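Trainee: Could you take me through the packing inside this protein, slowly and with the residues named? I would like to follow along on the screen.

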Amino acid sequence: MKILVINGPNLNMLGIREKHIYGNRDYNALVSFCKECGEKEGVDVDCFQSNHEGAIVDAIQEAYDVYDGIVINPAAYTHTSVAILDAVKAVSIPTVEVHLSDVDSREEFRKISYVRQACIATFYGYGFDGYLMAIQALKKHSTETKQGV
Ligand code: DQA
């Protein structure tokens, strides 16, 4: 099984930005964490990060016929991007939404997620562990789909 982890704008600033919300670990630590999760779960994990909405749309389109699952933290584009929602719908790849912080207990605008309606699950407020939960959810979904559950 091949999973693509997509991180949106400003997540390359982890370890620098708002540490009281996002923690001390940097983006490279997140990539290492996701790769280790992949090894533990027996799935191939690739990571992609961009600050640009169109580049994220391109990455989702290019995942078609290549990846079996997508983990996406669209960051600020979560709350604004119909284009990312449409891209996930277009490729029909099982996708899980992740946020490091508890988006529901922050500003009102962070409660809105466009991509959520195209996702099989959402994990928020668990920090890096949310990415592990997302990978496990995709693995479970893949097994159940193959078994016709
Ligand atoms: C975030 C939450 C978003 O509201 C915010 O814009 C981000 C990060 C998170 O991981 O908690 O950049 O997606």
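Mentor: Happy to; we will go from the core to a pair of helices. Keep in mind that this is a predicted model.

Start with the largest nonpolar core, which has 26 residues. Ile 3, Val 71 and Tyr 131 are the ones with the most contacts inside it. The elements giving two or more residues to this core are β1 (2-7), α2 (27-41), β4 (95-99) and α5 (129-147). Now click on Ile 3. Leaving aside neighbours within four places in sequence, Ile 3 is in contact with Val 43, Asp 44, Val 45, Asp 46, Tyr 67, Gly 69, Val 71, Ile 135 and Leu 138. Val 71, then, is both a contact of Ile 3 and one of the residues with the most contacts in the core. Apart from this core lies another, of 18 residues, including Ala 63, Tyr 77, Ala 87 and Ile 93.

The axes of α3 (residues 53-62) and α4 (residues 82-91) come within 9 Å and cross at roughly 5 degrees. Angles under 35 degrees count as roughly parallel, so α3 is roughly parallel to α4. On the α3 side, the contact is made by Glu 53, Ile 56, Val 57, Ile 60 and Gln 61. From α4 come Ala 83, Ile 84, Ala 87, Val 88 and Val 91. Sorted by class, this contact has eight nonpolar residues, one polar and one charged.

Key
Residues numbered from 1 in each chain as written. Predicted model: local features only at pLDDT ≥ 70, side-chain atom pairs only at ≥ 80, totals over all residues. Heavy atoms only, no water. Core = buried A, V, L, I, M, F, W, Y, C linked by side-chain atoms within 4.5 Å. Buried < 20%, exposed > 50% of the residue type's maximum accessible area, 1.4 Å probe, protein only. Helix = DSSP H or I, 4+ residues; strand = E, 2+ residues; numbered from the N terminus. Contact = heavy atoms within 4.5 Å. Axes fitted to C-alpha atoms, helices over the stretch in contact; angles between N-to-C directions. Parallel < 35°, antiparallel > 145°, perpendicular 65-115°, else oblique. Nonpolar A, V, L, I, M, F, W, Y, C, P; charged D, E, K, R; others polar.
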